[in-house]
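Hi,

Here is the structure I promised to pass on.

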Amino acid sequence: MTWFHHLIVLPILLPVITAASLIPVDERNRTLKGVISFASTMAVFLVSVLLMRASATPGDGGSGASVYLLGNWPAPFGIVLVLDRLSALMLVLTAVLALATQLFSMAKWHRAGHHFHSLFQLMLAGLNGAFLTGDLFNLFVFFEMMLAASYGLLLHGSGPMRVKAGLHYIAVNLAASSLFLIGVSLIYGATGTLNMADLALKISTIGPESRMLMEAGAALLGIAFLVKAGMWPLGFWLPATYSAATPPVAAIFAILTKVGVYILLRLSMLLFGSDAGASLGFGQPILLYGGLLTIGFGAIGVLASQAMGRLAGYCVLVSSGTLMAAIGLGNGAVIGGALFYLVSSTLTICAFFLLIELVERARDAGADVLAVTMEAYGDVDENEEEKEEGVAVPGTMAVLGLCFCACAILLSGLPPLSGFLAKFAMLHGLFNPGSFGGDAPVSGAEWTYIALLILSGLAAMIAMNRVGIRTFWTSIEGTIPRVFLIEIAPVLLLLAACVFLSLQAGPAMRYMDATAKSLSEPQNYIGRVMSTPRAGPAGGE
Amino acid sequence: MELVLSAGIGVLTASGVWLLFRPRTYQVIIGLSLLSYAVNLFIFGMGRLRVNAPPVLEPGGTGGLLTHTDPIPQALVLTAIVIGFAMTALFLVVLLASRGFTGTDHVDGRE
């Protein structure tokens, strides 16, 4: 137990402490609050990177998963935090998104309501906790923490649209939480444990009558996460909610659907993987066909939506549908590509949500009227307007246009950026299962998946082309949005992360494949969790 | 006892779900509350029903499932109650805000 081992708890502890200490600070010192909050997120980011490096180097026992016993009780009885490659990856991704959106919010959006930064930090704590926990009930607690903060963030800025969307969002999620609890308690009733690793051990040995209850519980639990991930019949709330939220909030919400996907991936690989006995592959067909339907629904929505906010919301659906179907295929080689896709698409969607606000800033109703009036009086002087105050970005439209193009390329999966590489990696995995499976021919469902993957890219391209032409080439208003450096920097940062991912695709892909490999061999994870000794004097009281 | 508990959970869930699908925000919040009562009872029931069996050990004593009841579901229920209560309060605030903005208590903000 070195100091390094204690770092695991920091991604949860640090945001909670920051959130609590920001509450008494006066609301007028928003910049101070923002800076403290940003510094804390930066620290979490650095810790996450350290943890990711540690989990990637197979020292310390060889398996890469490190276990932290909260309260120092041994595993099946106490509550554990488990860090492995997958959770480290999610931690880093969350921290990157948080840094970008927080920077963006400091330009003006954090002034739209109270306690923005506290809520933001609490949501980060909930997210990181959900990624780190190794216990089903703790997962519920962190999940609720994340959701409660997200309700507050969604309502940030108030207004009838947000309150209406918030009402629906909260009602849907409260109902889903009830299902979550019923699922957790059914699993406890059937197996007598809530620790995920212990559960994985017990699943192969329980009797048929308990198995039925356990599977019912797992199915209910799955529905709760599928609501969160936005699977087709359960995801109607998503585009409306995301387009109603303030831009930085919508951007960080891009990771919320991925929490659902992460837990589905974690539980299906751990509980219903190779050692599950009679429950092998439970729920996979649902994930596969539900995911396919979600891609289809999302692609139609992408084509049909007029407003950019809704377009981005449907892109979220396409992205989580792609991931769910990839999990449902149960092919380890696809999972590696899917993880790459998860990172790439989340970064892109986050950048896109931020960009939308910058592009549409000049297009809101008030500005339209003003523009028309000014034109009528021959009073238009765009250059002067641009120089007015602050560090405005030169050639605003050019920068915005380039960012938009990058988003379009990433979303539709065209070469040379990471969106293409991700889809290519998934297709490659489908045709070459390699070490993960035999030489089974590509099945009908897999062909459907391939077709939908490519068609959804086409739909995204068509929709982005249409919106781009309308916004940048044939724009009626002709006003140039005033954009500050602090607002465009996060978008550039996120897109640069995607470019970095494309340039470093080799190492990144190796990491993802190793992650997929460790997920398909849950014995390591289980062994580590169950065998971690208590800290302190050996066996002492 | 089992029959009473299961019937109770069933009636609460059925009423909760029915109210959840009603168009008024007040009905929705009552539905959610009833649903959370049902869920709490359900979690409690998952620890198996026992009469006269304490969930905690006396100092120095040893326990077993013959003399003691399973304490974990009770701890879980406590957490679930607290979280459910907080969420209901939050929903109530949003409900009032929605009513203030739209002047109606329809969940869509218009009749």
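Let me start with one residue: A:Met52 is buried, with 20 other C-beta atoms within 10 Å. By the cut-offs used here, 20 or more such atoms within 10 Å of a residue's own C-beta count as buried, 12 or fewer as exposed, and anything in between as partly exposed, with C-beta atoms placed from the backbone. A:Met52 sits in helix 2 (residues 30-56) of chain A. Helices here are DSSP runs of H or I with at least four residues, strands are runs of E with at least two, and both are numbered from the N terminus. Leaving aside neighbours within four places in sequence, A:Met52 is in contact with A:Ala88, A:Leu89 and A:Val92; contact means C-beta atoms, placed from the backbone, within 7 Å.

Before you go further: this is a predicted model, where local features need pLDDT of at least 70 and side-chain atom pairs count only at pLDDT 80 or more, while totals for chains, interfaces and linings use all residues. Residues are numbered from 1 along each chain as its sequence is written, and chains are lettered from A and ligands numbered from 1 in the order in which they are written.

Next, a helix pair in chain A. Helix 17 (residues 396-412) and helix 19 (residues 444-473) of chain A pack at about 165°, with axes 8 Å apart; the axes are lines fitted to C-alpha atoms over the stretch in contact, and angles run from 0 to 180 degrees between N-to-C directions.

How many residues does each chain give to the contact between A and B? Chain A gives 22 residues and chain B gives 28. On the chain A side, helix 6 of chain A provides the largest share, 16 residues.

Finally, chain B itself: it has 3 helices and 0 strands. The C-alpha atoms of chain B fill a box of roughly 60 × 30 × 15 Å along the principal axes. Of the 111 residues of chain B, 25% count as buried.

Cheers

Technical notes: Two residues are in contact if their C-beta atoms, placed from the backbone, lie within 7 Å.
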